[in-house]
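Here is my note on this model. Please keep the structure open as you read the points below.

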Number of protein chains: 2
Amino acid sequence: MTGTLYGIGAGPGDPDLITLKSLKVLQSVPVLAYPAPDDGDSLVRAIVDPHLSGQQEEVVIRIPMVVDRFPAQDVYDKAVADIGAHLQAGRDVAFVCEGDPFFYGSFMFLFGRMAEQYPVEVIPGVSSLTAAAAVLGAPLAARNDILTVIPAPLDDASLSRRLADADAAVIIKVGRHFARVRAVLNDLGLDHCARYVERATMSQQKVLPLSDVDDTNVPYFSIILVHKRGAAWQ
Amino acid sequence: MTGTLYGIGAGPGDPDLITLKSLKVLQSVPVLAYPAPDDGDSLVRAIVDPHLSGQQEEVVIRIPMVVDRFPAQDVYDKAVADIGAHLQAGRDVAFVCEGDPFFYGSFMFLFGRMAEQYPVEVIPGVSSLTAAAAVLGAPLAARNDILTVIPAPLDDASLSRRLADADAAVIIKVGRHFARVRAVLNDLGLDHCARYVERATMSQQKVLPLSDVDDTNVPYFSIILVHKRGAAWQ
């Protein structure tokens with residue numbers, strides 16, 4: 001009897017922003033798996049920590065922090081082998097990730113490799129997009145707005161064109177691209193309707209106007225919300 | 001002592017897809033408020049029903065189903081008066097809505113009218129976007145994809161241009177616009193990479209290829225996901 005792989009969205013950071021459904025699975029499976037940087041603690045492990053009994057086996061998937069976080073294939077090949085061994089032994093595994101598993105998340109690389117061979121269930125989670133909107137007190141999009149999600153690693157011309165063409169935009173994966181993104185927003189005259197949110201809903205959360213951000217110290221889990229209809233949030 | 005208005009995202013439909021944080025507020029406040037059509041039951045009231053004690057006072061906000069659901073201002077003016085009376089009497093009120101309160105939700109109309117006068121806290125929820133992706137077993141967006149959220153009521157030319165320009169797209173508020181949206185997708189040659197999800201995560205959930213959808217019976221809470229990178233979900 002093969003085990004089931006659950007892809008669980010742990011939400012944006014506040015441990016209470018996990019869903020009941022994810023919590024039930026998280027607390028019932030014998031094996032927990034999660035990503036971690038190659039030289040530090042796992043953020044998502046910290047998010048779910050208050051909910052764990054400490055009795056579960058843990059599989060840590062060390063993902064080297066390479067450029068824009070597309071790790072080498074061998075990292076996932078090893079994860080597939082480690083998780084697969086548990087599944088083949090009949091043990092269910094919960095892979096937890098920040099936000100939602102299918103929203104720009106690392107889980108999809110495992111999903112692509114494992115869904116044909118094993119039963120996989122994905123449990124959606126609260127994404128950083130709506131968490132940041134809640135933190136700002138600023139609706140993300142309303143009525144017939146076009147909302148565009150734009151990864152910051154795109155080149156300046158693409159960023160500029162997409163931002164110019166959106167009613168509302170969320171720029172994700174900001175990290176080391178911050179200074180460049182801010183310059184594009186300034187050039188478009190959109191800096192006045194853009195706000196920066198770092199680690200939304202976590203204890204270290206920061207909300208700043210773009211001009212106050214230290215561009216040498218922007219974490220990967222930071223986003224910029226752009227609301228062209230100022231009245232929606234001012 | 002004025003009460004606090006909580007805007008709570010109840011998630012996409014499965015009652016267990018509510019967050020722990022929303023559940024705690026939902027079960028602790030004396031007053032529950034929610035939208036309902038003018039002649040029927042409230043969908044979101046049904047979603048949260050399993051979590052309620054039955055001891056709370058309820059404020060039903062009847063929203064006439066007018067074209068594209070932008071109701072007359074007087075509906076919200078009355079809701080503000082009804083909810084405001086509880087807040088002024090010191091009673092906290094939880095307004096629950098489907099999905100997330102700040103993602104194309106009706107809560108933002110209350111927020112715009114009440115946030116200056118009363119303490120308001122928004123608790124994000126799982127949106128129908130990521131719920132539909134989970135149901136399909138199809139990542140919504142990956143790596144540096146541009147993801148565009150497109151409301152179906154837009155005109156054909158806008159729909160066509162936005163769909164042509166996106167890496168991945170989610171068409172929301174499909175409802176009575178389905179036949180028109182399907183024609184636009186067919187014209188673009190995108191019908192083969194588009195899928196229809198109705199009432200994601202609810203017991204009446206349906207997942208269909210576009211060609212199998214009865215265009216005379218498409219509910220408001222249906223969406224179409226378009227994945228141009230077919231390998232992500234096939």
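1. Start with Phe102(A). Its relative accessibility is 0%, so Phe102(A) counts as buried (buried means under 20% relative accessible area, exposed over 50%, partly exposed in between, with a 1.4 Å probe and protein chains only). Phe111(A) also counts as buried, because its relative accessibility is 13%.

2. This is a predicted model: local features need pLDDT of at least 70, side-chain atom pairs count only at pLDDT 80 or more, and totals for chains, interfaces and linings use all residues. Residues are numbered from 1 along each chain as its sequence is written, chains are lettered from A and ligands numbered from 1 in the order written, and side-chain values use heavy atoms, without hydrogens and water.

3. Now the rings. Over all chains there are 16 aromatic pairs (Phe, Tyr and six-membered Trp rings with centres within 6.5 Å; planes under 30 degrees apart are stacked, over 60 edge-to-face, the rest tilted). Phe102(A) and Phe111(A) make an edge-to-face pair, with 5.0 Å between centres and 85° between planes. Ring pairs join Phe95(A), Phe102(A), Phe107(A) and Phe111(A) into a cluster.

4. Turn to chain B. Tyr76(B) and Phe109(B) form a tilted pair, 5.3 Å centre to centre and 35° between the planes. Tyr76(B) sits in helix α3 (residues 73-88) of chain B and Phe109(B) in helix α4 (residues 107-114) of chain B, so the pair ties together parts 33 residues apart in sequence. Helices are DSSP runs (H or I, at least four residues), as are strands (E, at least two), numbered from the N terminus. Both Tyr76(B) and Phe109(B) are buried.

5. Which residues of helix α1 (residues 20-28) of chain B are buried? They are Leu20(B), Ser22(B), Leu23(B), Val25(B) and Leu26(B).
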